[in-house]
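This report describes selected local features of one protein chain.

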Amino acid sequence: MLKNFKQLSLIFLIATLFTACSVKEPIVVPKESDIVELSKKANDDFINQNKATNDYFIKYFKPWDSSKVSYPKIEAMWGQSYKYKKVYLENHKLASAEWFDKQITNSNFDEYNVVPKKAIMLKNANVRVLPTNSPMFYDPTQPGEGFPFDYNQNSLIKINTPIIVSHLSKDKAWAYMESSIVGGWVEINSIAFVDEDFIKEFKNSNYYVSVKEKFPIYDPIFREYVKVATIFPKKNNKYIIAKKDDNQKAKIAYIDLNEDEIEAMPIAYTSENRVKILNQLLDEPYGWGGLLNNRDCSSFTQDFFVPFGKYLHRNSKSQISNGKYLDMSKMDINEKKDFIKKNGVPFSTLVYLKGHIMLYAGIKDNEPLVIHNVWSVRLKDSSGRKYRNIIGKATITTLEPGKDLKDFDEDNNILRRVLGITIL
């Protein structure tokens, strides 16, 4: 009896602690029914899905329809400007001029676009700013710096993505490439070069999209954990991926996928499907630039819309151009909230502030809610010391997450910093 009483007391104590902590948690924890109700208020017809999907695949395959990487050489070399900043490496020591010179020399930009080649991604891969896996941090002792903010991480690129390669690094370990959404350095073992026969078989106009997050695929051994929004052409009852031969030339391979993992693209823009995709993305750990095969704010919004056939650019600033942008920068905080409540369309409106983008979800208890993959809430104590409350995942919040926290910094209130919304 005493043992049972102790167990019950422990359960009660744990429940009490979690309840107490949840009061301070700067997120919203809606019931499944709440998410369904919010989704029902979206405009199911905001997009002509067939037209949008056709446009999506024109962009997706653009690298294979191009003769070279599209960026001007000076733009492709932008990452070399980090040499003139204080950058810390993985050992938290400042990167030397010699370290940067080594990366710049290895970048081999004298060969930029001299002999471009078309290729395909064999796996999910980091897209790096400089051709090295070494991270680049600003002062790791400062809040909001250090891990996961590796400024050498530009993006994550998915398996099966068409790319065009400008050139290789001097050590031939890296390829400078461009996809439909991003450019930068990928490791050479993550790609294979394609010829016209491969392209013809891969571009079969029968495209499927993954609707499940991080499921394994095999060929016949493990190949990758597939993320939502990954594209697979289908032939008969098999799905196409690329393999490479000994000369790094791509060849067609076929794999099996389960019905709950993949659907013909586009999937219908319905409440049920919005909830299905959202539930795959919620609670995923934050990943700056896709670090560790996760998502940041703009890859969250991007991948949410891909299964429905809607193309978004890769970063937050660019995504505001994917629809009708409504400027809110001159409004005060109350005007902003009212404007979003009046003009925002649930699940087809992006809320933008410098460096961050969110998906508007609708109104609950008279509060506008947003869904976003977010690192932290900025706080400041009575002495002026700044620190962070880490959220670190894709979640649902109000436009003022953390407002009830003791050291909430009103100057860094997300709603105060909102600059506008984009109606897609």
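Asp-365 counts as exposed, because its relative accessibility is 68%; buried means under 20% relative accessible area, exposed over 50%, and partly exposed in between, with a 1.4 Å probe and protein chains only. Asp-365 sits in the loop between strand S17 (356–364) and strand S18 (367–380), and its phi is positive, about 55 degrees, although Asp-365 is not a glycine. Helices (H or I, at least four residues) and strands (E, at least two) are DSSP runs, numbered from the N terminus.

The model is predicted: local features need pLDDT of at least 70, side-chain atom pairs count only at pLDDT 80 or more, and totals for chains, interfaces and linings use all residues. Residues are numbered from 1 along each chain as its sequence is written, and side-chain values use heavy atoms, with hydrogens and water left out.

**Confidence.** The chain has a mean pLDDT (the predictor's confidence in each residue, from 0 to 100) of 93, and 94% of its residues reach 70 or more. Residues 1–23 have pLDDT below 50, and this stretch has zero contacts in the model beyond near neighbours in sequence. Contact means heavy atoms within 4.5 Å.

**Backbone features.** Asn-293 also has a positive phi, near 65 degrees, in a residue other than glycine. Asn-293 is placed in the loop between H7 and H8 and counts as buried, because its relative accessibility is 17%.

| Cis peptide bond | Omega | Location of the proline |
|---|---|---|
| Asp-219 to Pro-220 | near -10 degrees | loop between strand S9 (215–218) and S10 |
| Met-265 to Pro-266 | about 5 degrees | loop between strand S14 (262–264) and helix H7 (271–281) |

**Helix H5.** The buried residues of H5 (residues 97–107) are Trp-99, Phe-100, Gln-103, Asn-106 and Ser-107. Viewed down the helix axis, these buried residues fall within an arc of 130 degrees, so they line one face of H5; the arc is that of the directions from the helix axis to the C-beta atoms. Their cover includes strand S4 (162–168) and strand S6 (183–187). Exposed Glu-98 and Lys-102 are on the face turned away from the buried side of H5. Just after H5, Asn-108 takes a positive phi of about 60 degrees.

**Glu-224.** Strand S10 (residues 222–226) contains Glu-224, which counts as buried because its relative accessibility is 10%. Leaving aside residues up to four places away in sequence, Glu-224 touches Lys-123, Asn-124, Ile-159, Phe-215, Pro-216, Ile-217 and Asn-293.

**Cavities.** The whole structure holds two cavities of 30 Å³ or more. On a 1 Å grid over the protein atoms alone, a cavity is a set of points where a 1.4 Å probe fits but cannot get out, and lining residues have an atom within 4 Å of a point. Grid points are joined across faces, edges and corners, and a volume is the space filled by probe spheres set on the points.

Of its 13 lining residues, Leu-156, Lys-158, Ser-299, Asp-303 and Arg-314 lie nearest its centre. H8 gives the largest share of this second lining, three residues.

Notes:
1 Å grid on protein atoms, 1.4 Å probe; cavity = no way out; pocket = protein on both sides within 12 Å on 5 of 7 lines; lining within 4 Å.
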